[in-house]
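Here are my notes for you to read with the structure open beside them. Take the points one at a time and find each piece as you go.

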Amino acid sequence: MSSKLSGLLSATFAEPAYDHLVELVHQRDATAHRRLTSVRMSAHDAKGREVLALEVDPAREIFDLGAALGARSEPRVMVLFDARYDAAIFPYRPHHYAYLHARGAADAPLYYAVNATLGGVPDRIGATNINNIETYVFRPRAFAERYSVMLGNVSRFATAQAQVIAYYGTERVGHQVEVPPKAHAETPLAADLEGVRLSRVETKAPFRLASYVVGRRAESRQLVLFDHLFTYAK
Amino acid sequence: MLARALLGVRRERTYYLPWIVRPGLECTLLLSNVEARFKEGFTRGPCPATVIQYDARGRTVGRYDVSLRDPTDAVEVGLGDTPGHGFAAVVSDRIDSDLYVTLSDGTSYTATHGRHEFVEHYPPWTAAVLAATTALLALAGRTLPAFARDQYVYVGPDSRSHVLVMNLSNVTNRVRVVLASADGAARRLLVRLPPRGTHLLDVARLADPVSVTRACRLRLEGNAWFNLYLVGAGARDLDGPLSLMHVK
């Protein structure tokens, strides 16, 4: 084992009735490099209460999150992966990805990058400056979709006062979101404001939060968009 | 880098995005320069850009000139209604933001972003040597493994990954694909991509039928620079809604 282990705390959100397979490592070259040193998975309800915790076999490449959560009653949990690893596993950045599909749905599965929420070694994240102002742009035409932003606080002690700002042409609508440690919230974004379409959203927080922009089919509420926002002010 | 210099290979910085058009599925790019809001001296418009659309055979099938009024402007570029796939290059001196590619069935859309990388240009003599060498290797189902990518792909009873492989060079790219199943068995395929061409790889045809969704290991090796996007398909496979996703 290396004496210079790196750490990564990454975070996602999970809802019932989805196939949700999380890649614990970035598949690359020799099998020996694919192994994490340790990884602990925990799931938290909206108030931050830990509802499930598992020591995951670090030799696993894929973690079946949908199976691990089973038929839980929470409508949404924040899932944290607290990993220790040799830096050779992640050659570019500590990216890892996940596959997400509503069981039985005709919709396309989504494949997304799991949020790297620091918690370890910021110099390996590639964003050592401000990384808590994020942006996402929406298509200007109307769709039968409902948009929102999911924010989760991965810190152990500090409550975060975050802002979610939705832009409609030259108008803006701000939402204040308070997320205690390990708590999370989904902030809906109105699709239009007095006939003007939602054009983009920004999130601002005192430190890095788990953040995803979400689009759901209006009828089924199933996810068609689950993506990271973009950090530009860095 | 030394090998590239010896071979005379030049890398041209290029922002590219994948595209797929299917019956009932439109592909639209969403261009913006919102990052410029945070850069002193770059906040004024207009910001012109040209989109060049290449099809699977590497032919230019579309060219679109657009202009962004200011950093908060966003412009849609529809990539036509002719079924096909390929990649689109966005040429602009001023755009720094990540650009989006969206797929829509008319009621909702999925989205991902493009990549700011490069396209490789090989001089004629290097291209000729490469063509002769890789043609010989192809007889044995092999290629010159100058570049390699590893990628997890997914196969399930009602969803699956396809892979859009993009040849980001001006030479023919023979890409060797190896899919490793859970039982350790490997399926192999050699794909020939024309310059700037693409191939939509149907992973499910290489994998055994499954009752639950599972991941497979995919390895690709090519004789020139290439990259890939995952294409997500649901129960109706390529006839239904699709998603695109970039990978690092």
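1. Two terms before we start. Helices (H or I, at least four residues) and strands (E, at least two) are DSSP runs, numbered from the N terminus. Two strands pair if DSSP finds at least two bridges between them. Residues are numbered from 1 along each chain as its sequence is written, while chains are lettered from A and ligands numbered from 1 in the order in which they are written. Keep in mind that this is a predicted model: local features need pLDDT of at least 70, side-chain atom pairs count only at pLDDT 80 or more, and totals for chains, interfaces and linings use all residues.

2. How confident is the predictor? pLDDT is its confidence in each residue, from 0 to 100. Chain B averages 93, and 99% of its residues score at least 70. For the complex, the ipTM is 0.94 and so is the pTM, both given by the predictor.

3. Now look at chain A. Strands β12 (residues 160–168) and β17 (residues 200–204) run antiparallel and pair over 5 bridges. One bridge to pick out joins A:Tyr167 to A:Arg200 in β17(A).

4. Those strands sit in an open sheet of 5 strands in chain A, ordered β13-β12-β17-β10-β20, with antiparallel pairing. β13 (171–179) and β20 (230–231) are at its edges with a single partner strand each, so one side of each has no neighbour in the sheet.

5. Over to chain B, which splits into domain 1 (2–118) and domain 2 (124–246); the bounds come from an automatic or database domain assignment.

6. Where do the chains meet? 38 residues of chain B are in contact with 38 residues of chain A. On the chain B side, β10(B) gives the most, with 4 residues.

7. Last, the largest nonpolar core, with 137 residues. Such a core is a set of buried Ala, Val, Leu, Ile, Met, Phe, Trp, Tyr and Cys residues joined through C-beta atoms within 7 Å; buried means 20 or more other C-beta atoms within 10 Å of a residue's own. A:Val79, B:Leu29, B:Val163 and B:Val165 touch the most other members. Strand β6 (residues 77–85) of chain A gives the most to this core, with 7 residues. Leaving out residues up to four places away in sequence, A:Val79 touches several residues, including A:Phe13, A:Met41 and A:Leu65.

Terms used
Contact = placed C-beta atoms within 7 Å. pLDDT = per-residue confidence, 0-100. Buried ≥ 20, exposed ≤ 12 C-beta atoms within 10 Å, placed from the backbone.
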